[in-house]
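Trainee: I would like to work through this model with you, taking a few residues and a pocket in turn. Could we begin once it is on the screen?

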Amino acid sequence: MPLELKSTINLPKTDFPMKANLPQNEPKMLARWEEMGIYQRIREARAGAPMYVMHDGPPYTSGPIHLGTALNKCLKDFIVKSKSMAGFDSPYVPGFDCHGLPIEIKVDQALGGKKLQMKATDVRLECRKYAQKFLDLQTSQFKRIGVFGRWERPYSTMTPQYESVVLATFYAFLEKGFIYKGLRSVYWCIHDKTALAEAEVEYENDSSPAIWVKYALKDDPATVDAALRGKKVFTVIWTTTPWTLPASMAVAFHPQEEYVALEAGGEVYIVAAKLAEEFVKHAGLDAPREAARFAGETLEGKNFAHPFLDRNILGVLADYVTMDTGTGVVHTAPSHGADDFNTGVKYKLELKGNVDEAGVIHNGLPEYDGLKVFAANAPIIDLLKERGALMHEDRIEHSYPHCWRCHNPIIFRATEQWFISMETPMQGGTLRSRALEEIKKVKWDPAWGEERISNMIATRPDWCISRQRLWGVPIAVFLCAGCGKPLNDTATSRKVVELFARAGADAWYTSEADGIVPAGMKCQKCAGTAFKKEMDILDVWFESGCSYLALRAAESQYPPAADLYLEGGDQHRGWFHSSLLCMVGTQNHAPYKGVATVGWTLDENGQAMSKSRGNDVDPVDIAGRLGGEIVRLWVASVDFREDVVGSEQLMLRIAENYRTIRNNLFRYVLGNLYDFDPAKDALPFAKLEELDQYMLRQTAAMAADVQRWYGEFAFHKLYQRVLNFCTVDLSAFYFDVIKDRLYTYAPGSAGRRAAQTAIWRQGEALVRLLAPVMSFTCEEVWGYLPGKREQTVHAAQFPSRADVLGSDDVVDDPKQLEDWSALLLVRDQVLKALETARNSKLIGKGLEAQISISAAEPVYAVLERRQEQLRYLFIVSAVSLEKATSGNGAGIVAVEVEKAAGRKCDRCWNYSTHVGEDPAYPTVCERCSAVLKEIEATAAVG
């Protein structure tokens, strides 16, 4: 009895769903991974392998994750997973930065006046609860987008173990002579009432008053230049901070620059020669005469009068006086500027100021006393007008330092702070010179990172590490009650570290810490025996800079330096910077071998994303609506080294590409392997058809590219390569061509098994290659692929060339590659000819056509050797060849399309003149007739 034709077609069958339903199915996969202990399973699979450590920079636990943090964590996840699949033992211990001002401010707002009645330990407990809440939230959100790691035991800057390492690091600096406490003019946030480090300052555009103020020369003008004898002489300063004038102690001139004395209206004004024209314009002087010209050094030691206070103002010299704007004369307030302070020290000026921690001016004139600094600008300008000292007033837009936490303008303020000296001698140089040397040994990606951090290290001041807040690691130093000198006793320090390791930094605020100093301990300076505790806390950048030291203290198997740090570009002055100084200062080497820098996340208009602007894209929302896999694919699609764009529309386009990979690649492969057992059915490379061999070689080349780009962190390149390979090489070409073999050949035939072998190897390769990026989907696919395998794709390794080709013995075949390059060019011309015929209504489907090809050598020989396979390659019903004596104009061949001869086969839809010749199957072609007899024979034996 003849077979039913439909039942003999090997149509695809698979339970792998076309629709991913990622928002519903990803949580189920997460639960499975949780039950499996996926992270530990991967670590066990790589036990004994070479280690690769990507050290996590801790995100701040003050809110949920955003697209920037999702970008950051997914990139790290790609690196860790790809290193693991490349054969490394690649641990990932996520970190969390839990101390600091933003959390303390939020808790202050919640507590209100109640805080004043609370013990320090109780306030710190509230801060801890707040940080823990967001640590837990961020953990769940990072896990939701498929990030693997030791989430059950991350490193947190508020654990006793971590706090003890931070303190031990501080003591190491102290014992080596790096740390000192002294009066310095430092960045100060009057809103948060604390000192700031360089890394905590950001610059924003601001509008400020710009004023030109004259200071009268008190000395005999002839001592400056004989031409000025008997004249009324002033110098003129320019400033954008009028509120600093009450603290003005000197006027600074550049020693090598030329200054001119301009006479107009009975007065003489000394300004820099290069800025004289600009000064005349702003001051509105009428035809001033140059009375004298002299070097700036002439003015050193000259005495001037303060414009509104009874104070002598000294003429000083300073190289930092610039000639780009103003007058070339800088009023110097040592309490309100770093350079000013250094000048004040050099010339023994008064260094202390009258501005308190909240920015309020004290001990001033009634016009401004009791006002906050910025509010004092206007009355001080009015005062200058009254005293006849204001020569011109303007406003300028300029870049001004702001607190990066509260985003308010900041000031310089002279206070006593703790510092790490950049110039203290150490083995091999100083902290600055050794850090600069270590930078050169690091691989910076992008390369410009080296110059950026080098410039910052080279020019930075000493590191101000003290903060006047509560929520952090205290500077656990005992100070002599008599002279204030810090107690530097190793045994005492060790006891405090042990206390912190046991009870945490909160212990510093308890009576237990009070009893640590042994009885009879004397101050090394004054021999005093009474001590008090320092209550400042450490800069949070110092804390996070100790992170790799803390990790190594807990994980002794970790190497001395991590293989990679990866964070945003602002971290050259932040975490990269502080980590370098902490490690070089204590271990004399860099904490990292490589550093990769991530760009900012922007909207489609190039604006920084912000919830307040309403242009943010919430990765948690995207995961809930489209799937965490879409967030991951978006990350892979962008070049993270540049600023990257995120938007709803981009996510939707990524979702389309996801469906292409899911269905056109994986579902196609799985659907055609339903009856394939690799152990029994896979064929060796030599027995595959030439097209299969060629495509496996192409797959191996693609796999090599992808693995190389994983190594280079070029995820956008591998994303495009795989997407292009899936759509162009596989879906539009190879998978289309082999459908005939897969569907119409006898199930166990060599031709069909060859195609199945090839797509099985392609599926096996691509599921591994994409697993670091498409972690959910590849795990899903892994469960459907035939053959024995590890429990999870993430414990597998990337495919080798032998895995793709089936053997180590397969040699390269350049001739095959050359031939197929020619064949594909011919195919392109054939497809164009078929499209033309289709548009002219000559044919519908390609199988309705037969074609004639005229080709000259060497292309003719390539075609002639494969003449029997050409109709399958071109997906037409017949192909005839004709040898041409020369080239064919614009193309390598000439193609003619005709209506196919014969009848359409009801089984394979090819046209043949032999349809009907088999009386048993009168509606099929000769090829299908033979297949049907093979199926019948197999069934009879079975």
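Trainee: In the loop between which two elements does Lys593 lie?
Mentor: Bear in mind throughout that this is a predicted model. Lys593 belongs to a loop, and the elements on either side of that loop are helix H16 (575-587) and strand S26 (594-598).

Trainee: Is Lys593 buried, partly exposed or exposed?
Mentor: Buried requires a relative accessible area under 20% and exposed one over 50%, with partly exposed in between. Because Lys593 has a relative accessibility of 46%, the class that applies to Lys593 is partly exposed.

Trainee: Which residues does Lys593 touch, if those up to four places away in sequence are not counted?
Mentor: With those sequence neighbours set aside, the residues touched by Lys593 are Lys441, Val442, Lys443, Ala561, Ala562 and Asp563.
That leaves Lys832, which is 239 residues from Lys593 in sequence, and the C-alpha to C-alpha separation of this pair is 53 Å.

Trainee: Is Ser454 buried or exposed?
Mentor: Ser454 is found in helix H11, residues 448-459, and beyond its neighbours within four places in sequence it is in contact with Leu436 and Ile439. The cut-off for a buried residue is under 20% relative accessible area. Since the relative accessible area of Ser454 is 17%, Ser454 is buried.

Trainee: Which element gives the most residues to the lining of the second largest pocket?
Mentor: This pocket holds about 1,100 Å³ of space, and its lining of 33 residues includes Thr240, Thr241, Val330, Asp340 and Phe412, which lie nearest its centre. Among the elements that give two or more residues to this lining are strand S7 (233-239), helix H8 (338-346) and strand S15 (390-403). With 5 residues, the element that gives the most is S15.

Note on methods: Residues are numbered from 1 along each chain as its sequence is written. This is a predicted model: local features need pLDDT of at least 70, side-chain atom pairs count only at pLDDT 80 or more; totals for chains, interfaces and linings use all residues. Side-chain values use heavy atoms; hydrogens and water are left out. On a 1 Å grid over the protein atoms alone, a cavity is a set of points where a 1.4 Å probe fits but cannot get out, and a pocket is an open set with protein on both sides within 12 Å along at least five of seven lines; lining residues have an atom within 4 Å of a point. Grid points are joined across faces, edges and corners, and a volume is the space filled by probe spheres set on the points. Helices (H or I, at least four residues) and strands (E, at least two) are DSSP runs, numbered from the N terminus. Buried means under 20% relative accessible area, exposed over 50%, partly exposed in between (1.4 Å probe, protein chains only). Contact means heavy atoms within 4.5 Å.
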